[in-house]
Amino acid sequence: MKLLFLMVLLFLAWSDSALGQPLKEIRIGSSDISFSNFSTYYARDRKFFEKEGFDAKIIIVKTEAALPALSAGELDYTTFSTSAIDAALRGLPLRLIAVTVKQPVIGLVVREGVNQVHDLKGKRIGISSLGGLTHVAALAVLKHYGLNPKDVTLLAIGSGVARLVAMRKGGLDAALMNSPQDIQAVKEGFKVLLDVGTVYQLPFGGLSTTLTKMGENPAEVKQVIRAVLLATQALLKPENRDDAINHAAALFKIERGTAAEFHRRMVSALSPTGVVELDKIRLAIESAVDRGLIQKPLEPEAVVDFSIVRNMRF
């Protein structure tokens, strides 16, 4: 009887060791399924998070709601970059902690009859949300071409799919669309007037979290960053090309040819180190000044903290 009891105890101990600890749930906010968070979805679906001990839940929520939810502890992380910088400038206790995309892969998609940016005067332009990345990018494009935001009507439509539907129905004259929605729009007869990344070269996606999370659980923060960056690095490996294309086709519900074009554009924009030059952060801060969000520029260290990712080794 004692021998049987000991065998049961040994079996239970072995089971606990073999099965490991239960995965810890983390909640990651994002405003859409898009190029900007593709690495995070790849990390979830290819089990990079699981290998770090996490059950990652990606929650779609508007930017203007996600960042307050993050600061209140209702979310653990977001995939926002410039929006997180804006929130930190407004005083929310947040920091951008890693960048996965160095610059946007966004097309300015237009209807027939719009042949130059100046033709957008008096037109309706679709963006994702007010304060979101496509909003800031739209303002940058208008400024670059000498137009005032009052010259156009910027409409917060929601997801890239919603913007494409609005274009089909004639509710928009133009829209900023992340890849691969811009590729799909071209297939439907619309035109990409401008590759927005040639004008607006600021961080386009990554990870942001709270100062509280960084102070109380730096080990978790490091593991979350590692999962996303390992996924980003995997996407850049030639041997993973077919898998990355298949994943894009499934995630975005697009044809494989469109997914292949998406992959071609993606590889040059990804940031495998998780870091960008601080000059790009300064440009984001200057954009906030231009939009009246703050009165004078702050130093990048007030909105980003790359200390964890800089010290990581893969």
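The model is predicted, so local features are taken at pLDDT of at least 70 and side-chain atom pairs at pLDDT 80 or more, while totals for chains, interfaces and linings use all residues. Residues are numbered from 1 along each chain as its sequence is written, and side-chain values use heavy atoms, with hydrogens and water left out.

Start with the sheet. Helices (H or I, at least four residues) and strands (E, at least two) are DSSP runs, numbered from the N terminus. Five strands line up as an open sheet in the order β7-β6-β8-β5-β9, with mixed pairing; two strands pair if DSSP finds at least two bridges between them. The edges are β7 (153–156) and β9, each of which pairs on one side only. From one strand to the next, the twist averages 30 degrees; axes here are lines fitted to C-alpha atoms, for helices over the stretch in contact, and angles run from 0 to 180 degrees between N-to-C directions. Helix α6 (residues 133–144) packs on this sheet and touches β5, β6 (124–127), β7, β8 and β9. The direction of α6 makes about 125 degrees with that of β8.

With strand β8 (residues 174–178), β5 pairs in the antiparallel sense over five bridges, and with strand β9 (residues 191–195) it pairs in the antiparallel sense over four bridges. L108 has a bridge partner in each neighbour: L176 in β8 and L194 in β9. V109, for its part, is bridged to A175 in β8. In a regular strand, side chains alternate between the two faces of the sheet. In β5, I106, L108 and V110 point one way, and G107 and V109 point the other. How many of the five residues of β5 are buried? Five of the five are, which leaves the strand mostly covered; buried means under 20% relative accessible area, exposed over 50%, and partly exposed in between (1.4 Å probe, protein chains only).

On to the helices. Two packed helices are described by the angle between their axes and the distance between the axes. For helix α2 (residues 38–45) and helix α10 (residues 218–236), the axes come within 8 Å and cross at roughly 100 degrees. The two helices are therefore roughly perpendicular (angles under 35 degrees count as roughly parallel, over 145 as roughly antiparallel, 65 to 115 as roughly perpendicular and the rest as oblique). On the α2 side, F38, S39, T40, Y42 and A43 do the touching, and they meet A227, V228, A231, T232, A234 and L235 of α10; contact means heavy atoms within 4.5 Å. By residue type, the contact splits into eight nonpolar, three polar and no charged; Ala, Val, Leu, Ile, Met, Phe, Trp, Tyr, Cys and Pro count as nonpolar, Asp, Glu, Lys and Arg as charged, and the others, Gly among them, as polar. Helix α2 is mostly covered, with six of its eight residues buried: F38, S39, T40, Y41, Y42 and A43.

Helix α11 (residues 241–252) has twelve residues, and at 1.5 Å a residue these should span 16 Å, in agreement with end C-alpha atoms 16 Å apart. The expected span is 1.5 Å times one less than the number of residues. Its buried residues are A244, I245, H247, A248, A249, L251 and F252, and these pack against α2, α8 (181–187), α10 and α12 (256–267).

Most residues other than glycine have a negative phi, and most peptide bonds are trans. K47, not a glycine, has a positive phi of about 65 degrees, and sits in the loop between α2 and α3 (48–51). At 46% relative accessibility, K47 counts as partly exposed. K253 has a positive phi too, near 60 degrees, and is found in the loop between α11 and α12. With a relative accessible area of 73%, K253 is exposed. The peptide bond from S179 to P180 is cis, with omega near 10 degrees, and P180 lies in the loop between β8 and α8.

Finally, V61 is in the loop between β2 (54–60) and α4 (63–71) and, at 24% relative accessibility, counts as partly exposed. Leaving aside neighbours within four places in sequence, V61 is in contact with G29, S30, S31, A66, L75 and F80.
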